[in-house]
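Hello,

Please find the structure you asked for just below. My notes on it come after.

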Amino acid sequence: MSSSENTTQGSGCPAHLEAMALGDMSLTDPVIQAHPQAFYTKLRNEDPVHYDEKLGMWLVSRYDDIVTLLRDPKTFSDKQGYEAQYASGFFEEFKQILIEQGGGFFPDVIKSDPPEHTRIRKLMDGAFSAHRVKTLEPVITRIIADLVDQMADKADHGTVIDGVKDFAIPLTIAVICEQLGINQYDGNKISEWSEAITAQIGRMQNREDMVKNALKVCELQNFIIQQMRDREAEPKEDMISDLVHARTEDGGKLEFGEAVSLVRALIIAGNDTTATAIGNLLFILATQPQVAHQLYDNVEDERFLTRFVEELLRFAPPVRGLAKMATCDTELGSVKLPKGAHMLVLYGSGNDDESHFNCPRTFDVSRGNTGTHVAFGVGIHRCIGASLARMEIKVAARELIKRVSDITLAIPAEDVTYQKTVATHSISSLPITLKKRPAAKGAAGRIDATSAPVVS
Amino acid sequence: MSEITITFVEIGGTEKVITDAGVGENIMQVATANEVAGILGECGGGCACGTCHIYVDPDWESVVGGPNDVEDMTLDMVFETRKPNSRLCCQIELAENMDGLRVTVAPESL
């Protein structure tokens with residue numbers, strides 16, 4: 001995401017968008033990026049597979065079309081869509097900077113099509129199974145509980161803190177570094193590197209941004225290469241060692257560049273989107289106190305927490321839109337698409353589709369089909385780290401609500417800033433106040449997952 | 001590796017009989033290798049996605065057994081279609097005593 005100016009939206013309710021013609025609107029508009037729901041509704045109702053001229057992409061907005069597209073990776077190539085999106089407009093220059101100063105240009109090997117994708121994915125699946133993630137819960141809980149305590153101390157006596165920069169981002173960086181075996185790190189650097197990488201698919205960087213971001217990606221890659229070299233010399237019990245020494249099913253080793261790209265993907269994907277989800281968690285707890293009460297009342301109930309996390313991901317999916325490309329002339333949602341059509345799959349809109357989710361703007365933990373949300377994608381590219389992300393969000397929700405109360409925005413909700421990007425919907429800064437609870441909460445009452453929905 | 005027979009009832013009611021399922025394989029692998037409709041196994045058997053949801057035939061429930069805690073939580077993400085005999089078939093490893101097993105593919109939770 002661009003680290004340059006962020007966006008606020010004055011009215012808080014983009015009523016003026018209702019009156020605009022779809023052809024005059026674009027997802028490149030930072031106001032729409034910040035408050036996209038009215039635009040998504042318009043897309044779904046008027047032109048569900050819509051060509052956004054300014055963006056130069058087809059926006060896929062209906063739930064059913066999104067699932068259809070994602071289940072057909074032959075017709076809609078992830079690799080081609082990603083490559084056309086990456087460093088858009090400046091690709092050759094970006095690549096050259098990385099070759100000269102970042103140890104090389106290493107394409108994202110996981111953003112590929114079968115059979116190449118299958119080879120890599122199989123190698124990675126085991127590391128992220130739900131069972132392995134379950135064994136991490138005690139470590140993750142310790143990391144998160146410590147961070148909540150630190151934040152609560154800092155916020156004591158009414159001091160305003162930043163829920164994103166003081167909590168969400170440090171939290172997810174600490175967890176992924178623990179997983180990767182990176183003991184010493186500069187959290188601010190990793191956060192900057194993450195922004196620099198995700199800006200490459202955000203479509204909002206100008207040339208100056210691109211050069212700055214490319215240099216940060218160089219730093220990141222040089223850091224990764226050093227970490228890998230250390231483990232080549234001396235293997236450790238961590239994920240970087242596993243990748244450096246990994247064998248694929250055919251007995252082959254990962255190429256060096258492939259391994260660099262995977263470690264890079266783990267560092268970035270492992271913190272950026274999950275941090276966004278935890279920022280969203282704080283925003284919802286601050287703006288919908290009844291949700292906070294419901295969470296507190298059910299905090300010891302695992303089943304409630306699981307559903308709570310799914311509803312959070314449905315209600316506020318961190319990833320807004322990822323790219324695909326049609327590999328042949330085809331049709332989607334009755335719209336004819338030429339070969340080479342560049343598509344942006346709007347997960348954010350799919351999760352908001354009223355034909356699939358009743359009253360989608362209601363945060364309702366008891367809805368029956370929450371688990372069918374598309375926040376993690378669908379099909380062969382479904383998020384590999386979904387279990388880890390769910391665990392981090394669940395533990396964050398639990399440890400937060402046990403330790404703090406009265407989470408309140410320190411600015412009007414409409415002044416909250418969002419990152420400028422088409423790829424995610426991320427709060428960039430969240431000034432809040434909160435109170436420390438007198439003592440950690442013990443056992444709570446049983447959940448009632450069928451309790452009345454909480455209306456926003 | 002010895003082979004056993006397993007019958008999948010697909011969502012539309014079509015029966016698919018696999019006669020060469022290997023003992024030691026998990027049912028999701030058998031299903032995807034034989035293109036059983038409705039079994040996707042998107043997370044590769046990691047018990048993380050809920051896209052290999054089946055109902056175990058009542059006659060076989062005691063042989064197959066129930067889900068463990070982790071599987072129970074993942075099944076909860078598809079709770080609209082969950083039944084008492086629901087399992088994620090990536091978590092069921094075929095054993096000799098499962099020869100003749102019959103399972104029904106669960107509909108998508110929509």
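Predicted model: local features only at pLDDT ≥ 70, side-chain atom pairs only at ≥ 80, totals over all residues.

The interface first. Chain B puts 23 residues into the contact and chain A puts in 25. Together they bury about 1,900 Å², and 54% of that is on carbon and sulfur atoms. Three residues, B:E42, B:M77 and B:F79, supply 32% of the area that chain B buries against chain A, more than any other three. Five salt bridges cross this interface. One of them joins the side chains of B:E42 and A:R71, at 3.2 Å from N to O. On the side of chain B that touches chain A there are 10 nonpolar, seven polar and six charged residues.

Next, helix α14 of chain A, residues 272-287. Its 16 residues reach 23 Å from the first C-alpha to the last, close to the expected 22 Å. Of these 16 residues, 14 are buried.

A:D78 pairs with A:K111, with the closest N and O atoms 3.3 Å apart. A:D78 lies in helix α5 and A:K111 in the loop between α6 and α7, so the pair ties together parts 33 residues apart in sequence. Both A:D78 and A:K111 are buried.

A:D149 forms a salt bridge with A:R403, the closest N and O atoms being 3.1 Å apart. Here the residues lie in helices α8 and α18 of chain A, so the pair links parts 254 residues apart in sequence. A:D149 counts as partly exposed, at 30% relative accessibility.

Regards

Notes. Residues numbered from 1 in each chain as written. Chains lettered and ligands numbered in written order. Heavy atoms only, no water. Contact = heavy atoms within 4.5 Å. Buried area = accessible area lost by both parts, 1.4 Å probe. Salt bridge = Lys/Arg side-chain N within 4 Å of Asp/Glu carboxyl O. Nonpolar A, V, L, I, M, F, W, Y, C, P; charged D, E, K, R; others polar. Helix = DSSP H or I, 4+ residues; strand = E, 2+ residues; numbered from the N terminus. Expected span 1.5 Å × (residues − 1). Buried < 20%, exposed > 50% of the residue type's maximum accessible area, 1.4 Å probe, protein only.
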